[in-house]
Amino acid sequence: MAEAEFDYIVVGAGSAGAALASRLTENPNCKVLLLEAGKASHPYSRFPISFGLLIDNPAANWCFMSEPESNTADREIPVPRGKLLGGSSSINGLVYVRGQPLDYNTWAQMGNRGWTWEDVAPVFKRMESYEKAGDGIRGEDGPLQVTEVPDRNPLYDALFAAAEEVGHKVNPDYNSPDQEGVVKTQVTIKNGRRMSTAHCYLRPAMNRPNLRIVTEASTRRVLLEGKRCVGVAYEKGGQTVEARAGRETVLAAGAVCSPQILELSGIGRPEVLGAHGIEVQHELAGVGENFRDHINARIQWRVTARGVSYNERMGTLFGKAGQVLRYAFTRGGFMSLPSAPLLAFLRTRPELETPDVQMHLVPYAVKDPKRRLLQPFPSMTIACYQLRPESLGSIHIRSADPDAQPAIRFNFLHDEIDQRAMTGGFRMMRELMAAEAMAPLRGAEYDPGEQVASDDEILDWIRSNSQTAYHPIGTCRMGPGPEAVVDDRLRVRGLEGLRIADASIFPTMPSGNTNAPSIMIGERCADFLRDRE
């Protein structure tokens, strides 16, 4: 079945894809088809706390799982990815982090022209509407609503005091060029509602006659005529549809699905394609390689002070009902929280130029991560991950069946630098909690407990218990040379008419949560395509 021709086809309506489609259709003469494998929305998505409700819900989530690996105690680790309009911005923890100037300057030094901090900072500014803007650094009239967590809690005050006590500063804006310090989290939340790219970018664009959005449309492959991409084949309602792009096709399916679509199309490493009987259409050695993610270690403590832990506030049916009513009438309380109300960006070694770990400070603790049950007693959590991991994994198809999940191999903690940063960050979490300022609130550490003390014990515990921070990147790396998949204008190397615009193109990990940089990529791709016209 054939479909009318469009100027551009965008595959994936997630963080980058939604931004890209919205920006392109600002030109009324530009006709865009936006394909999304998931549904239009989920009733839970508008609530911020839905990051815990949708983390393994197949109605809104791809629910990928990693391969068992010895580096992580042969466990299968969940890899949640959003599967609805807005993609992972519709199910994530809502933490907004631009990253450090070092991140983007490193990209440029790797041979990617036009990707320094000076190049991308104006794009971040353009896309955001930050409630405390006014210094010339932050945006105040962009589509993406960004606010500072309004929740107040004596626990937060104690944590700020503890940080200063042990030598860390309090930073009023970690999304300025200076990221370091303990901070109140900036979030994509406005008046208690999630500000996904579906809400901020797509909703205003949906009535444009030049934008067609097709949901529950699973892209099977890109269509090649020689070395030119002319469109895509997707499945909708049991029928295969071929849509053609007169100008370009853009994969914005994410770090898991973009390399999968390329390989199913015969684009990638010949040995991978040949193993599954797929004819090589275009050899690209870097497809599916250079995969990175943040491994996330969490420590939990009891809390002795009354009324500061949400475990206590949510511990009864009456308490749960009270939080629902509080959200209904004030848009505050537990249901309005992001994954962490406070963050810390710190250096595990004094000789480092910039922070190398990020901590999430959380006023509750979860008993069963798989079922997301809260602990029955007052408690809190501090989580930590290395900002810029060096260990490289891969994501490749395991079958020519497009409905089969790909093989996701993290290779976590393979690099000694990663091991050192994680054990250092683990000790810094304990140091923060041991400060005198925490004494009126701090109870015993119960997970893992003080018996886990040496570097080897800490590392073994991390290998056996940590999850990811849900930030997969790098599988279609941007850069020069044969190992890169796209060039610095996001064009797939050796092909015409095909670009990639999502976190898969990141050459290295940005320092922090990846949603803001992913949206920035969508904005940048729109600029490149408009420059082409």
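**View 1. Helix 6 (residues 197–205) is mostly covered.** Seven of its nine residues are buried, where buried means under 20% relative accessible area, exposed over 50% and partly exposed in between, with a 1.4 Å probe and protein chains only. The buried residues are Thr197, Ala198, His199, Cys200, Tyr201, Leu202 and Ala205. At the helix start, a side-chain oxygen of Ser196 reaches to within 3.3 Å of the backbone nitrogen of Ala198. A polar contact is a pair of N or O atoms within 3.5 Å; within protein, one must be able to donate a hydrogen and the other to accept it, and residues adjacent in sequence count only if both atoms are side-chain atoms. Helices (H or I, at least four residues) and strands (E, at least two) are DSSP runs, numbered from the N terminus.

The model is predicted: local features need pLDDT of at least 70, side-chain atom pairs count only at pLDDT 80 or more, and totals for chains, interfaces and linings use all residues. Residues are numbered from 1 along each chain as its sequence is written, and side-chain values use heavy atoms, with hydrogens and water left out.

**View 2. The whole chain holds 13 helices and 27 strands.** With 533 residues, a compact globule would have a radius of gyration near 24 Å; the chain has 22 Å, which agrees. This radius is taken over C-alpha atoms, and the globule rule is 2.2 Å times the number of residues to the power 0.38. The C-alpha atoms fill a box of roughly 70 × 50 × 45 Å along the principal axes. Of the 533 residues, 61% count as buried.

View 3. Two strands pair if DSSP finds at least two bridges between them. Strand 5 runs parallel to strand 6 (residues 144–148), over three bridges. Here Glu128 stands opposite Leu144.

**View 4. Strand 12 and strand 13 make a hairpin.** Strand 12 (residues 218–225) pairs with strand 13 (residues 228–236) in the antiparallel sense over seven bridges. Leu224 stands opposite Cys229. Two residues lie between the strands, and Gly226 takes a positive phi near 65°.

**View 5. His471 sits in the loop between strand 26 (467–468) and strand 27 (498–500).** His471 counts as buried because its relative accessibility is 5%. Its side chain reaches the backbone oxygen of Ala469 at 3.0 Å. Beyond its neighbours within four places in sequence, His471 is in contact with residues including Arg81, Arg292, Asp293, His294 and Tyr385. Contact means heavy atoms within 4.5 Å.

View 6. Most residues other than glycine have a negative phi, and most peptide bonds are trans. Leu94 has a positive phi near 70°. This residue lies between strand 4 (78–79) and helix 3 (101–109) and is buried at 0% relative accessible area. Leu413 has a positive phi of about 60°. Leu413 lies between strand 24 (407–409) and helix 11 (416–434) and counts as buried at 3%. A cis peptide bond joins Asp447 and Pro448, with omega about 10°. Pro448 lies between strand 25 (442–447) and helix 12 (455–465).
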